[in-house]
Amino acid sequence: MDGRVLPYLEHYVSTYQDYKVNWNYEDGCVLVGCIRLYEATGNTLYRDKVLEYLDRRVAEDGSIPSFSVTQYSIDNINTGKTLFFALKETGAEKYRKAIEFHMQRLQGHPRCQCGNFWHKEIYPNQIWLDGLYMAQPFYMAWEKEYDAYGHLSDITSQFKNVRRFLYDEAKGLYYHGFDEARIQPWCDKETGLSKNFWLRAMGWYLMALVDCIELCDEQLYEHYRCLVDLLRESIHGILKYQDKETGMFYQVIDRADAEGNYLETSGSAMVACAILKGVRLHVLDASYAPIGQKIFDSICRRALREENGQLRLCDICRVAGLGPGEKRDGSVAYYLSEEVCADDSKG
């Protein structure tokens, strides 16, 4: 590992400020990273950051005052994943109640006719790849801990629907979004699909798969194998688009030729994460490990740069989406117009 990585992460976590006032998925990304780092290093800095954040945000009755219960956004479920860790570490009843609070939100979340969760209230009847990461690993953790996998088929069917509606057989890639109603300006009126393949959307999907595989009981073979097969197919598909020199991936995955396209950090890191975790879980062959390691090493070498005496993680797309309405049309030009920044939580 690049010797700069751990000092960078320690500084990043120790100085990290809440991404938003409201309960949000971006903070959840950082907190999940902290949990993984604590498990890997034993450094209590990471554990303490998670527990300090959650203690501030979660009330004694398990409610979360900054969680908008009137705004149906699947993004808001993501940070709920960290509550399982907090409950295990502290035994505090408020975290069990907060897990139930999140599950109640998920149970009441609007769905498409096919059964998948809407992405957001402002994005009705839409499935985005992002949403699989935001909701399904939390849902799987709930099923494992509290429901004996009683609703596992609901989870796997949502992945199957994404395969059915968003996958491009010829490209081996998944489109960013799907409008079941086929009325959004950004979608194809016949297929309901958005126009392009955005790297971080694919990254969210790959991490959703590998995180759910980790939490799924191998004895539930039909469901477990479904997730494993989807992961293997997706990894095989995206690897065709690796940059030959670095092993990283472009913001618009299959358009390396597009003017202004660039090797994007967050999505490339997500692919590396999915590959290396897949190898660790023995659902990807060990021969994939050097591929994941090369991506990670290239990110450290190319994107971890010193600016004014401080290391920064660069070349991160700050945000991208589809709509609402005429906004964010899903074109190549749109994805390449979004701000490129450093040290964003998603990177």
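These legends describe several views of one predicted model.

View 1. Of the 347 residues, 57% count as buried. The accessible surface comes to about 14,800 Å². Carbon and sulfur atoms hold 49% of that surface. Now look at contacts with a separation of 6 or more: residues 24 or more positions apart account for 68% of them.

**View 2. Confidence is compared here across the predicted chain.** The average pLDDT is 97. A score of at least 70 is reached by 100% of the residues. Confidence is lowest in strand β5, residues 304-307, with a mean of 96. It is highest in strand β3, residues 173-174, at 99.

**View 3. The largest nonpolar core has 125 residues.** Seven residues have the most contacts inside this core: Leu 54, Leu 106, Phe 159, Tyr 174, Tyr 205, Leu 231 and Ile 238. Helix α8, residues 199-215, gives the largest share of the core, with twelve residues. In soluble globular proteins, nonpolar side chains tend to be buried together.

**View 4. Leu 231 is one of the core residues with the most contacts.**

**View 5. Helix α7 covers residues 152-166.** This helix has 15 residues. From first C-alpha to last, α7 reaches 21 Å, close to the 21 Å expected at 1.5 Å a residue. Which residues of α7 are buried? They are Leu 152, Asp 154, Ile 155, Thr 156, Gln 158, Phe 159, Asn 161, Val 162, Phe 165 and Leu 166. Phe 159 is also among the residues with the most contacts inside the largest nonpolar core. An α-helix has 3.6 residues a turn, so residues three or four places apart point the same way.

**View 6. His 282 lies in a loop.** The loop runs between α10 (265-280) and α11 (289-303). Is His 282 buried or exposed? Its relative accessibility is 70%, so His 282 counts as exposed, because the cut-off for exposed is over 50%. Along the chain, His 282 and Arg 57 are 225 residues apart. Their C-alpha atoms are separated by 36 Å.

Note on methods. Residues numbered from 1 in each chain as written. Predicted model: local features only at pLDDT ≥ 70, side-chain atom pairs only at ≥ 80, totals over all residues. Heavy atoms only, no water. Core = buried A, V, L, I, M, F, W, Y, C linked by side-chain atoms within 4.5 Å. Buried < 20%, exposed > 50% of the residue type's maximum accessible area, 1.4 Å probe, protein only. Helix = DSSP H or I, 4+ residues; strand = E, 2+ residues; numbered from the N terminus. Expected span 1.5 Å × (residues − 1). Contact = heavy atoms within 4.5 Å. Areas by Shrake-Rupley, 256 points an atom, 1.4 Å probe, with all protein chains shown as cover. pLDDT = per-residue confidence, 0-100.
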